[in-house]
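Student: Hi! I have a new structure to look at and I'd like to talk it through with you. Could you show it to me?

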Amino acid sequence: MLLPHRSIALVLLGILFPQPEAAQGSARLAERLGHWDAPFAHDLAGFGPAAVPFEAVHLALIPRWSQRGSVLAWDLVGPQASAARDQRWSIVDARAEPPAFRNAELTLPAGAGDLFCAGHAWTSDGRLLVAGGTEDYPDGGHDGDFITGGRLLYFYDPGIGELGRWTRQLDLAVDRWYPSVLATGSGELLIAGGLDSRARPAHTTYEEFPGDRSAAPGRGRRTARTLFAGPGGLAAEFELYPRLHLLGSGEVFVV
């Protein structure tokens, strides 16, 4: 049925200027669905007077200990004057009003790159394994896929000290830029994919890391990575950040 022009106008007025009952309905809907807060900038206190804006490339929600519910964040380092780069990182509590930031820096080993575009996953005992990253930024910039992958491997433990502690592990077996990390049901971690450089295809290999310290304390630091061959044929290229899903059977579904 076609509505008269006046009826259409009344409908439009009702949409543009809702009656109190409609407004109350909208409020009830917002209560059910939640709402978005206004965006906020990362406080740079502690990073020095000439600090550039913090690019929160990596975020990980802390699941345990005193930092539970806060977010671990670290940013893009890029080329630095010294051979040993300082990786900025922060504990962000977005629940506070205003949001609270506790900033720190991690000095990385000279010539090994940084943790930009690493893969990461929480272990069953509450630590974050951070694998790979960027070893080199040719031409002094970041504007494409020319980056060289790195082999750094770190544990971040939020249960040690006021802000948690980073501990370097034995390097990865191969360079990995954009790898994926998956915690398995047995406490081990699987690392897959990632690029070495633009001139070479993505890795098709897996590495296994003994992540649960309750099973064998400290063995992760001393044990060399175990490297497994990946799929062949049409599935030979993992690309960047391959999707790894742990199935109930204990098998890993790779997309």
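Student: Let's start with D171. Is D171 buried, exposed or partly exposed here?

Tutor: This is a predicted model, and in it D171 has a relative accessible area of 30%, so D171 is partly exposed.

Student: Which residue does D171 form a salt bridge with?

Tutor: The partner is R168, and the closest N and O atoms are 3.0 Å apart. R168 has 31% relative accessibility, so R168 counts as partly exposed too.

Student: How many salt bridges does the structure hold?

Tutor: There are seven salt bridges. One of them joins the side chains of R151 and D175, at 2.9 Å from N to O. R151 sits in the loop between β8 (148–149) and β9, while D175 is in the loop between β10 and β11 (180–183), so this pair ties together parts that are 24 residues apart in sequence.

Student: And R151 and D175, buried or partly exposed?

Tutor: One of each. R151 is partly exposed, with a relative accessible area of 33%. D175 is buried, with a relative accessible area of 11%.

Student: What about E207, which residue does its side chain meet in a salt bridge?

Tutor: That would be R176, with 2.9 Å from N to O. The pair links distant parts of the chain, since E207 is in strand β13 (residues 206–209) and R176 is in the loop between β10 and β11, 31 residues apart. E207 counts as buried because its relative accessibility is 0%, and R176 is buried at 0% as well.

Student: Changing topic: how many aromatic pairs does the structure hold?

Tutor: Ten aromatic pairs. Take F47 and F54: their ring centres are 5.9 Å apart and their planes are at 10°, so the pair is stacked. F47 is buried, with a relative accessible area of 10%, and F54 counts as buried at 11% relative accessibility.

Student: What about Y154 and W166, how are those rings arranged?

Tutor: Their centres are 6.2 Å apart and the planes are at 75°, so Y154 and W166 are edge-to-face. Y154 lies in strand β9 (residues 153–157) and W166 in strand β10 (residues 165–168), so the pair ties together parts that are twelve residues apart in sequence. Both Y154 and W166 are buried.

Student: Which residues do ring pairs link into a cluster?

Tutor: The cluster consists of W74, W89, Y154, Y156 and W166.

Student: And which residue lies over the face of F47?

Tutor: R88 does, at 4.9 Å from the ring centre. In another case, R127 lies over the face of F155, at 3.8 Å from the ring centre.

Student: Let's zoom out. What does the secondary structure of the chain come to?

Tutor: Three helices and 16 strands. Of the 255 residues in the protein chain, 39% are buried.

Student: And the accessible surface, what does that come to?

Tutor: About 14500 Å², with 58% of it belonging to carbon and sulfur atoms.

Student: Last one: among contacts with a separation of 6 or more, what share comes from residues 24 or more positions apart?

Tutor: That share is 51% in the protein chain.

Technical notes: Residues are numbered from 1 along each chain as its sequence is written. This is a predicted model: local features need pLDDT of at least 70, side-chain atom pairs count only at pLDDT 80 or more; totals for chains, interfaces and linings use all residues. Side-chain values use heavy atoms; hydrogens and water are left out. Rings of Phe, Tyr and Trp (its six-membered ring) pair if their centres lie within 6.5 Å; planes under 30 degrees apart count as stacked, over 60 as edge-to-face and the rest as tilted. Buried means under 20% relative accessible area, exposed over 50%, partly exposed in between (1.4 Å probe, protein chains only). Helices (H or I, at least four residues) and strands (E, at least two) are DSSP runs, numbered from the N terminus. A charge sits over a ring if NZ of Lys or CZ of Arg is within 6 Å of the ring centre and within 35 degrees of the ring normal. Contact means heavy atoms within 4.5 Å. Accessible areas come from the Shrake-Rupley method with a 1.4 Å probe; for residues, only the protein chains shown count as cover. A salt bridge is a side-chain nitrogen of Lys or Arg within 4 Å of a carboxyl oxygen of Asp or Glu.
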